[in-house]
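This report walks through one set of chains, from overall fold to individual residues. Keep the sequence and the structure open while reading.

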4 protein chains.
Amino acid sequence: MTTAVPNMLSTYPADLGGVDRNKLATCIEECVNCAQAGTACADACLSEEMVARLGKCVRTDAGCADVCATTAAVLSRRTGYDANVTRAILQACATVCRACADEYERHADAHDHCRVCTEACRHCERACADLLASLG
Amino acid sequence: MTTAVPNMLSTYPADLGGVDRNKLATCIEECVNCAQAGTACADACLSEEMVARLGKCVRTDAGCADVCATTAAVLSRRTGYDANVTRAILQACATVCRACADEYERHADAHDHCRVCTEACRHCERACADLLASLG
Amino acid sequence: MTTAVPNMLSTYPADLGGVDRNKLATCIEECVNCAQAGTACADACLSEEMVARLGKCVRTDAGCADVCATTAAVLSRRTGYDANVTRAILQACATVCRACADEYERHADAHDHCRVCTEACRHCERACADLLASLG
Amino acid sequence: MTTAVPNMLSTYPADLGGVDRNKLATCIEECVNCAQAGTACADACLSEEMVARLGKCVRTDAGCADVCATTAAVLSRRTGYDANVTRAILQACATVCRACADEYERHADAHDHCRVCTEACRHCERACADLLASLG
């Protein structure tokens, strides 16, 4: 689908605070996508026969979903931009996406939903790192 | 972008509980999209000169964002599906999207971001209503 | 602890829209508390040996946490109060708290955390119902 | 009110991963409290006559609420504890609470709700710092 992210950024009635608009749009989209994938993957793990060995995976998924959703929200607000807050949440988001993807990769052969989620996490981790680097 | 929603549903390791998969995927995608648009629109209103008259709009936006995000999460979980919970949150989501779009339409001529957000809300309201109707 | 809820309501710079302040404060506090308990209980279930039979419990917990957190946020915003939105989210919250408590009660003998969570859900369900009734 | 936090921690069916239980409980409670206060304060600002100068305050409030809620959720999950994720989100939370309190203090004389919220932010910032320090 075409998300509202680019249109919301291009209709923002003030300056974006010097942030690279494309990297910002990509990062918001990847965070939003990863949040949904993490929630869905945590739940899918619960329906696996081997759920007893997936506790860490479910927990990491859920945390990843929360942090990604919060990062998307923080990035979506441009009024009164605060670089310190933006950097701190982007670092937390990249960290949790990497932890989540590393955990998934131990199961991705066995579980297709973990493979889908790993991709979402790696994309999100990269988008956070790209945006962070561009912030200087 | 291509969201992870269809792939997460198609790799879910158990039955989806008789829900129409296409309507479900659309509804999750619209909820996720509307949540982001609501957060961004609430913030964009804060940068408008006439913000003093946009208090209700900002508040409705923020509530819409919260309810849409929660609805996306509840719909993304399929394990132990509970029809009463699903129906109640879909009804709340359709209600808040309609309230939000009605409020936006009072400003959509003046503010492009409100117009973008109105579309997201109307799409989400319709997707919730469609999914609700299909649940019987 | 003493929450900020009563003080935030008493320092709100405008009329509360005719809502009973005590019922509102109680409802916000119970929603916030139940959201945390639901998140913690979902996770505790993952550490139980019998987790394979707790899938529905974990899912219901997580949904309850999301809906309660959203309800607390919607109720905490008083500007541009919308009775339809408030009623719809309170109904959804009461529904999910009841579903969650009913599910927990099947495990509450075996798991102390489910017992703690059941209490939080029942309190929250009642607070939502009380506030709903007072809205007329 | 007595929150469910201590009881949920004491009924957790496995080891807490070496975390100081009291510091953890305090930090979860302060995060939950600050999330609610931030949401309520952002909304209260919208009802102030001088809202046009409160844009940054509303935005910082909303971000603080999101990050605090996510931090409370991440901390409430103990299964498969990951120290890197915990540290990153605690750092982000302390950063946003400090930014929010610094912003509030510019308005706290004028607005009682900003004063209440400043206290919640300072308590939360300190609780995050204490827990971080105890993690080594």
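## Chain A as a whole

Of the 136 residues in chain A, 68% are buried. The model is a predicted one. Chain A holds five helices and zero strands. Its order along the sequence is α-α-α-α-α.

The C-alpha trace of chain A spans about 50 × 30 × 20 Å along its principal axes. A compact globule of 136 residues would have a radius of gyration near 14 Å, and the 16 Å of chain A agrees with that. Now take the contacts in chain A with a separation of 6 or more: 70% of them join residues 24 or more positions apart.

## Helices 4 and 5 of chain A

Helix 4 (residues 83-105) of chain A packs with helix 5 (residues 112-135) of chain A, their axes coming within 8 Å. The two axes cross at roughly 155 degrees. An angle over 145 degrees counts as roughly antiparallel, so helix 4 and helix 5 of chain A are roughly antiparallel to each other. Helix 4 of chain A passes helix 5 of chain A in a left-handed crossing.

Which residue classes make up this contact? Between helix 4 and helix 5 of chain A there are 17 nonpolar, three polar and five charged residues.

## Two residues in chain A

A:Arg98 sits in helix 4 of chain A. Is A:Arg98 buried or exposed? A:Arg98 has 20 C-beta neighbours inside 10 Å, so this arginine counts as buried. A:Arg98 and A:His123 are 25 residues apart in sequence. Their C-alpha atoms are 10.0 Å apart in space.

A:Leu16 lies in a loop, between helix 1 (5-10) and helix 2 (21-46) of chain A. A:Leu16 counts as partly exposed because it has 13 C-beta neighbours inside 10 Å. What does A:Leu16 contact, leaving aside its neighbours within four places in sequence? The partners are A:Leu9, A:Arg21 and A:Arg78. A:Gln36 is 20 residues from A:Leu16 in sequence, and the C-alpha to C-alpha distance for this pair is 26 Å.

## Where chain B meets chain A

The contact between chain B and chain A takes 35 residues from chain B and 35 residues from chain A. On the chain B side, four elements each supply at least two residues: helix 1 (5-10), helix 2 (21-46), helix 3 (55-76) and helix 5 (112-135). Which helix of chain B gives the most? Helix 2 of chain B does, with twelve residues.

By class, the side of chain B that touches chain A has 19 nonpolar residues. Another ten are polar and six are charged.

## Where chain C meets chain D

Chain C puts 35 residues in contact with 35 residues of chain D. On the chain C side, the elements giving two or more residues are helix 1 (5-10), helix 2, helix 3 (55-76) and helix 5. Helix 2 of chain C gives the most to this side, with twelve residues.

How do the residues on the chain C side divide by class? There are 19 nonpolar, ten polar and six charged residues on the side of chain C that touches chain D.

## Helices 2 and 5 inside chain C

Helix 2 also packs within its own chain. The axes of helix 2 (residues 21-46) and helix 5 (residues 112-135) of chain C come within 8 Å. They cross at roughly 150 degrees. The cut-off of 145 degrees applies again, and helix 2 and helix 5 of chain C are therefore roughly antiparallel to each other. Helix 2 of chain C passes helix 5 of chain C in a left-handed crossing.

The residues of this contact in chain C divide into 16 nonpolar, six polar and three charged.

In chain D, helix 2 (residues 21-46) packs against helix 5 (residues 112-135) at an angle of about 150 degrees. Their axes are 8 Å apart. Helix 2 of chain D and helix 5 of chain D are therefore roughly antiparallel to each other. What is the hand of the crossing of helix 2 and helix 5 of chain D? The crossing is left-handed.

The contact of helix 2 of chain D with helix 5 of chain D has 16 nonpolar, six polar and three charged residues.

Notes
Residues are numbered from 1 along each chain as its sequence is written. Chains are lettered from A and ligands numbered from 1 in the order in which they are written. This is a predicted model: local features need pLDDT of at least 70, side-chain atom pairs count only at pLDDT 80 or more; totals for chains, interfaces and linings use all residues. Axes are lines fitted to C-alpha atoms, for helices over the stretch in contact, and angles run from 0 to 180 degrees between N-to-C directions. Angles under 35 degrees count as roughly parallel, over 145 as roughly antiparallel, 65 to 115 as roughly perpendicular and the rest as oblique. A crossing is left-handed if the near helix is turned anticlockwise from the far one by less than a right angle, and right-handed if clockwise. Ala, Val, Leu, Ile, Met, Phe, Trp, Tyr, Cys and Pro count as nonpolar, Asp, Glu, Lys and Arg as charged, and the others, Gly among them, as polar. Two residues are in contact if their C-beta atoms, placed from the backbone, lie within 7 Å. The radius of gyration is taken over C-alpha atoms; the globule rule is 2.2 Å times the number of residues to the power 0.38. A residue is buried if 20 or more other C-beta atoms lie within 10 Å of its own, exposed if 12 or fewer, and partly exposed in between; C-beta atoms are placed from the backbone.
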